[in-house]
Amino acid sequence: MIFNPDAECMEGAARKGLQLARLKNLVETLYAKVPFYREKMDALGVRPADIHRLADITRLPFTTKDDLRQNYPHGLLACPKDRIVEVHMSSGTTGKPVVDEYTQNDINIWREAMARTLAGGGCTRDDIVQNCYGYGLFTGGPGAHYGAMTIGAEVLPMSSGNTDRQLMVMQDFGSTMLTCTPSYALYMAEEAAAAGIDLKKLPIGKGCFGAEPWSENMRKEIETRYGMKAYDIYGLTEIIGPGVSFECEAQNGLHINEDLFYPEIIDPATGETLPVGERGELVFTTLTKEGTPLLRYRTRDITYLIAEPCSCGRTTARMHRLFGRTDDMLIIRGVNVFPSQIEHALFEIEGTEPQYVIVVDRGAARLDEVELQVEVKEKFFSDETKNLEILRARIEGVMKSKLQIGVKVKLVEPKTIERSIGKAKRVIDKRQI
Ligand code: DLL
């Protein structure tokens with residue numbers, strides 16, 4: 001179902017006109033109200049009146065995560081403080097969190113963006129949505145909650161964790177849609193299997209998953225274990241939370257809510273804009289936000305844009321599922337490796353569980369070494385040592401051919417890698433410690 005055909009199926013030129021009008025308005029507001037942006041624009045010698053076409057956006061300054069941290073907590077506010085009705089923050093592990101401050105209008109737009117997102121995953125007013133994204137400062141819980149309510153579905157505001165209760169509610173209330181991180185979806189499936197619950201027999205037929213990287217193979221795993229269709233949804237606190245882009249039934253890239261968020265792809269090294277179809281860093285400008293609007297925010301997420309029309313009828317540009325983040329990319333002896341590549345390769349190998357940790361360290365010769373800890377399926381672990389050794393060698397061989405680097409594989413017993421109820425931590429980089 002397309003939640004808002006007027007906006008989502010708008011003809012290209014009309015959408016561009018709307019984006020330009022909104023961009024001009026945004027630049028004027030930021031120049032007048034936010035000293036940080038006025039100074040940055042002055043330094044580049046650009047004024048609001050210089051924005052005539054959408055392409056002029058490249059004259060405007062970028063915003064980085066560091067800029068947000070330096071302006072913590074209210075430095076980038078673009079409206080009077082008393083208009084703010086809700087605040088969210090990211091759970092960054094280092095430094096100050098990044099803050100998003102919403103006016104009532106911002107919340108209304110978030111509701112709309114999330115209604116489009118969940119509708120992309122098939123949500124209708126007949127659905128019972130079990131929302132296991134965390135509630136609180138994290139945007140996942142409230143974002144999915146607002147979207148489901150806007151559609152008119154019934155929401156079970158579970159938040160994450162307390163897995164026994166999640167499974168009880170899923171059975172007793174007949175949840176038809178699941179919203180949580182993909183790693184938590186898998187964890188719940190594992191607990192369900194251990195409790196003898198056959199998820200495939202329950203009405204839970206679809207889910208919208210995001211907030212962390214997950215591979216195509218992980219999608220297949222979730223779809224098989226639940227007997228459901230699993231959709232990828234993307235967003236970030238700085239821009240609005242979830243609701244920036246989402247998959248439709250075609251599952252061929254994520255539709256960007258382009259009338260609300262203007263996307264660009266840049267070369268992360270030079271800041272140059274890249275043509276559509278080329279892979280680079282995703283940059284967003286918020287076109288309608290009032291509380292904390294951002295100009296050309298560098299997400300550090302890596303993808304490319306897809307301009308071809310989608311079979312679903314939406315005319316919005318799509319982004320390929322994320323390849324990783326510029327700051328997650330591991331440089332191992334000069335070779336660039338994304339954890340998602342490791343995950344993808346791992347899932348192809350029979351005998352392993354979708355649970356792994358990548359440990360990077362400096363070895364005795366001061367060379368980078370990678371140890372991949374992988375859980376083995378129960379039946380393999382109880383098997384002969386010889387077979388485990390064959391499996392280990394096989395994984396090492398696959399990694400070598402796919403990644404061009406040597407990886408030491410350590411097979412661990414089932415259920416020994418720590419499970420996550422929110423975003424999974426897959427990489428331990430001891431080189432920085
Ligand atoms: O994770 C918002 C969100 C909540 C998105 C629920 C989807 C579902 P942050 O905590 O600020 O916000 O983290 C944003 O998470 O820049 C990406 O690196 C990563 N991320 C989000 N969605 C995906 C996805 C929320 N579908 C950061 N695939 C982003 C891969 C994702 N990475």
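Predicted model: local features only at pLDDT ≥ 70, side-chain atom pairs only at ≥ 80, totals over all residues.
**Entry 1: R15**

I started with R15 and looked up its place in the fold. R15 belongs to helix α2, which spans residues 12–33. Is R15 buried or exposed? I found a relative accessible area of 4%. R15 therefore counts as buried, since that value is under the 20% cut-off.

Next I listed what R15 touches, leaving out neighbours within four places in sequence. The contacts are A7, E8, C9, M10, E258, D259, T315 and T316. I then checked one of these, T315, for its C-alpha distance to R15. T315 lies 300 residues away from R15 along the chain, and I noted 9.4 Å between the two C-alpha atoms.

Which backbone atom does the side chain of R15 reach? I found the backbone oxygen of E8, at 3.3 Å. E8 is also in the contact list of R15.

**Entry 2: the ligand**

I turned to the ligand and its shell. There are 21 residues around the ligand, and I noted D232, I233, T237, D301 and K423 as the ones that come nearest. By class, I recorded nine nonpolar, six polar and six charged residues in the shell.

Which element gives the largest share of the shell? I found strand β7, residues 229–236, with five residues.

For D232, an N or O atom of the side chain is 2.7 Å from a ligand nitrogen. For A211, a polar backbone atom is 3.0 Å from a ligand nitrogen. For E212, I noted 3.3 Å between a polar backbone atom and a ligand nitrogen. How much of the ligand does the protein cover? On its own the ligand has 610 Å² of accessible area, and the protein covers 93% of that.

**Entry 3: strand β5**

My last stop was strand β5, residues 177–180. I checked its two faces separately. M177 and T179 are on one side, L178 and C180 are on the other, and all of them are buried.

Which strands pair with β5? I found strand β3, residues 128–131, parallel to β5 with three bridges. I also found strand β6, residues 206–210, which runs parallel to β5 and is joined to β5 by four bridges.

I followed L178 to both partners. L178 is the bridge partner of Q130, and the bridge partner of L178 in β6 is G207.

Note on methods
Residues numbered from 1 in each chain as written. Heavy atoms only, no water. Helix = DSSP H or I, 4+ residues; strand = E, 2+ residues; numbered from the N terminus. Buried < 20%, exposed > 50% of the residue type's maximum accessible area, 1.4 Å probe, protein only. Contact = heavy atoms within 4.5 Å. Polar contact = N/O pair within 3.5 Å; in protein donor to acceptor, adjacent residues only side chain to side chain. Near = heavy atom within 4 Å. Areas by Shrake-Rupley, 256 points an atom, 1.4 Å probe, with all protein chains shown as cover. Nonpolar A, V, L, I, M, F, W, Y, C, P; charged D, E, K, R; others polar. Pairing = 2+ DSSP bridges.
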